[in-house]
Amino acid sequence: MGLLLLTVQAHTRSLNPPTCVLEDGIASCREVEGGKAVMLFAGLYLVALGVGGIKGSLAPHGAEQYDETTQLGRKQRSAFFNYYVFCLSCGALIAVTFVVWIEDNKGWQWGFGISTATILFSIPIFLLGSPFYRNKIPTGSPISTIFKVLTAAIFNTCKSKNSSNAVTEVHSSPTCSNERRDEGNSNVKEKVPSQKPTEDIKFLNRALRNNPAYPIVQCTVKEVEEVKIVVKIFPIFMSTIMLNCCLAQLSTFSVQQAATMNTELGSLKVPPASLPVFPVIFILILAPVYNHIIIPFARKVTKTEMGITHLQRIGTGLILSIVAMAVAALVEIKRKRVAVNSGLVNSSEPLPITFLWVALQYLFLGSADLFTLAGMMEFFFTDAPLGMRSLATSLSWASLAMGYYFSTVLVSIVNNITSTYRHTPWLFGSNLNHYHLERFYWLMCILSGLNFLHFLFWAARYKYRSTGP
């Protein structure tokens, strides 16, 4: 619906914003307003809502098609996450090349129209597989369970501090453990924790009371143990936000850097805005190499089923992001040195240095994205309780959104602080040669290093929920 609204608005002249007017060589454009603005933002928000729903549910739905009770099924599921990221990159490659070319040369209505037609065409293809899908029947909201346990724990703590009232529900021996089959999927079993709560995160055990004041917040041991799992993976999730903050630089400052450099490849002139194609190409190359060469080799060396654990994979991505920021800082130093030596610091002419130097940071950040994104999704999916897998997998995309937002906040903070002490912000002005972008990249490198130490602290203490059936 969102893309359809945008297509209609782009195609109908009366719904377009006023045409820009050239004044002294500078384009003067009026913002869209009124009903046109409502239609535009309605389309954009509907697209965001739809993409969020698809990305949040497609990955866990695909992963649930594999039998996790067998070693082959678990290996296939791991490969699925790799190729899920691979397919996302294929779509991104088409978007930043073919669709962008269509929009620039044929009009926005054609770009939106092709995107709309592609989505419409994908719906019947998806539905054709419905008879063969393994579906999990919803059994309640995971968010309501989390809030119920937290509310009960807080309320019971405030209600009474008498430890004699903290009697938990114990219906079987401490060593008792059973299995239940996932409803709607008879081949998947979930190990249900014993009916005696574990001793970690004892605060949540306070949610267990035999006679609560409000029965609506009465919790079972299983619900408490599931929330404990979510709490344990939350610090890992927080550790990935900084990586996505680094990724945000690929579509902002890195593009501005390339715009000041020589973007010619032989007779071809590459638009700086097309630079995001580099990390996409790196992911398309690295994903099959990782799945068919690196992982089999790691399994032989470690003699384990996984070869490389999920947290090791995420950690590798975080290390690559540190390297990427250091490389970006060094490239910026080189770029500014060329500008000074060429006497082009205050000139808008392209510098005599190829934009392929910027591609180095794209290489490392693209590789980091593959390692971390696929590792995050598989980690959240396999270690989250069955009823919370979609929610946990969606944390990968929440990390992406928060990272991009934090990047904007960080730039504002840096500019405010540096303008106070130097009167000239690091990252402000119309001439990139006057920026202190290399210092900002070094700052990002340091923050990424501290973030990696934060990740190591929690990863070293994390115990996987299960590694097998």
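**Helix H1 and its setting**

Mentor: Of the 469 residues in the chain, 42% are buried. The model is a predicted one. Its chain holds 14 helices and 8 strands. Take the contacts between residues at least 6 apart in sequence: 76% of them join residues at least 24 apart.

Now to the part you asked for. Helix H1 covers residues 2–11, and its buried residues are Gly2, Leu6, Thr7, Gln9 and Ala10. Viewed down the axis of H1, these buried residues fall within an arc of 165 degrees, so they line one face of the helix. What do the buried residues of H1 pack against? Their partners are helix H2 (35–63) and helix H4 (108–128).

Gln9 lies in H1 and has a relative accessible area of 6%, which places it among the buried residues because the cut-off for buried is under 20%. With neighbours within four places in sequence left aside, Gln9 is in contact with Leu15, Asn16, Lys36, Met39 and Leu40.

Gln361 has its place in helix H12, and its relative accessibility is 1%, so it counts as buried. Not counting residues up to four places away in sequence, Gln361 touches Leu250, Ser254, Gln257, Ala324, Val327, Ala328, Val331 and Tyr441.

H12 also has a helix partner. In general, two packed helices are described by the angle between their axes and the distance between the axes. For helix H7 (residues 221–239) and helix H12 (residues 359–383), the axes come within 11 Å and cross at roughly 170 degrees. That crossing makes H7 roughly antiparallel to H12, because angles over 145 degrees count as such. On the H7 side, the residues that meet H12 are Ile229, Ile233, Ile236 and Phe237; on the H12 side they are Phe379, Phe380 and Asp383. Sorted by class, this contact has 6 nonpolar residues, no polar ones and 1 charged residue.

The strands show burial in another pattern. In strand S8 (residues 351–354) the side chains alternate. S8 pairs with strand S5 (residues 261–262) in the parallel sense, over 2 bridges. In this pairing, Asn262 stands opposite Thr354 in S8.

Two loop residues complete the picture. Ile201 sits in the loop between strand S4 (189–192) and helix H6 (202–205). Its phi is near 50 degrees, a positive value in a residue other than glycine. Ile201 is partly exposed, with a relative accessible area of 28%. Lys303 belongs to the loop between helix H10 (277–302) and helix H11 (310–341). Phi of Lys303 is near 55 degrees, again a positive value in a residue other than glycine. Lys303 has a relative accessible area of 72% and is exposed.

Notes:
Residues are numbered from 1 along each chain as its sequence is written. This is a predicted model: local features need pLDDT of at least 70, side-chain atom pairs count only at pLDDT 80 or more; totals for chains, interfaces and linings use all residues. Side-chain values use heavy atoms; hydrogens and water are left out. Axes are lines fitted to C-alpha atoms, for helices over the stretch in contact, and angles run from 0 to 180 degrees between N-to-C directions. Helices (H or I, at least four residues) and strands (E, at least two) are DSSP runs, numbered from the N terminus. Angles under 35 degrees count as roughly parallel, over 145 as roughly antiparallel, 65 to 115 as roughly perpendicular and the rest as oblique. Contact means heavy atoms within 4.5 Å. Ala, Val, Leu, Ile, Met, Phe, Trp, Tyr, Cys and Pro count as nonpolar, Asp, Glu, Lys and Arg as charged, and the others, Gly among them, as polar. Buried means under 20% relative accessible area, exposed over 50%, partly exposed in between (1.4 Å probe, protein chains only). The arc is that of the directions from the helix axis to the C-beta atoms. Two strands pair if DSSP finds at least two bridges between them.
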